[in-house]
Amino acid sequence: MESIRILQDIFERLYAVAIPMRDFLEDELPHVSKNWWYDCVESSLSHDSDYLYTDSSKDNLDDVDIYFLTKILLKYWEALRQKSPNSGLYTREHKENFRKLQELRNKIAHPEHRHYTDTEYWQAIKTIDTAAHFFGYSIKDLLHEIHQQEKAKILGIIQQKVLAPAIACETLDPDIKKSVVDTLDRLRKKSTAREIVDFFNDALDAKRGKVVYAALKSNGLTGFEDIKSLVLDCYYGFE
């Protein structure tokens, strides 16, 4: 497996496991301190040279990187264990695994210019999977949920900007309408948002696509090509 693909795969998994970690800390830290945001979050991160948190009005961890989430979790590990009805979950093995997770995040954020071995890759996968299980999830399920959410957002844009206006247009040729519907149906069958994005990157120059686009534009409608930048912004999180 190429190093760039390994980095992408591991980074996506780190992104996924950070979601239940944020939820867990937001649920459990209030049991450690009523003023948990200041006592547990700001006090842990405000003096970190790599992290400056300035929005004191914020009370969730949405923008906190997994490295710092793990730092908070490890710092309050014992306090969380004492307050938890499931204290047996806080094993030495799990704590060591979260240390490995923090180290892994640093390696991925600052990759070396070298090839990664299969052993290194599978060790990273095991570390992330173990962390996910601590929160009661599997990485497979987390990734599937993320992909479906991304896919739904992009399909919603296509539905609103291209399909609905095309169907409602009385002057648009029925054959062109059918092509638009068929295209959206094919996109719905894609497994991930990435596959839909690939369509916008690779499939819009086909002969039939150009015919459909010309017909849409001649009726004052928006074509798939016109929303490409909007779709990419949605996928890459720039919207």
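Select R208 to start: this residue is partly exposed, with a relative accessible area of 38% (buried is under 20%, exposed over 50%, partly exposed in between, with a 1.4 Å probe and protein chains only). The model is a predicted one, in which local features need pLDDT of at least 70 and side-chain atom pairs count only at pLDDT 80 or more, while totals for chains, interfaces and linings use all residues. Residues are numbered from 1 along each chain as its sequence is written, and side-chain values use heavy atoms, with hydrogens and water left out.

D175 lies in helix α8 (residues 174-188) and R208 in helix α10 (residues 207-218), so the pair ties together parts that are 33 residues apart in sequence. Helices here are DSSP runs of H or I with at least four residues, numbered from the N terminus. D175 is partly exposed as well, at a relative accessible area of 43%.

Stay on α8 and select K178 and D182. These two form a salt bridge whose closest N and O atoms are 2.8 Å apart. Both residues lie in α8, 4 residues apart, about one turn of the helix. D182 has a relative accessible area of 26% and is partly exposed.

Next, select D65 and R105. The closest N and O atoms of this salt bridge are 2.7 Å apart. D65 sits in the loop between α2 (36-45) and α3, and R105 in helix α5 (residues 92-109), so the pair links parts that are 40 residues apart in sequence. D65 is partly exposed, with a relative accessible area of 27%. In the whole structure, a search finds 9 salt bridges.

Last, show helix α1 (residues 3-32) with helix α3 (residues 66-75). They pack at an angle of about 40°, their axes 10 Å apart. Axes are lines fitted to C-alpha atoms, for helices over the stretch in contact, and angles run from 0 to 180 degrees between N-to-C directions. The two helices are therefore oblique to each other (under 35 degrees is roughly parallel, over 145 roughly antiparallel, 65 to 115 roughly perpendicular, the rest oblique).

To see the contact (heavy atoms within 4.5 Å), select L14, V17, A18, M21, R22, F24, L25 and L29 of α1 together with I66, L69, T70, I72 and L73 of α3.

Key. Salt bridge = Lys/Arg side-chain N within 4 Å of Asp/Glu carboxyl O.
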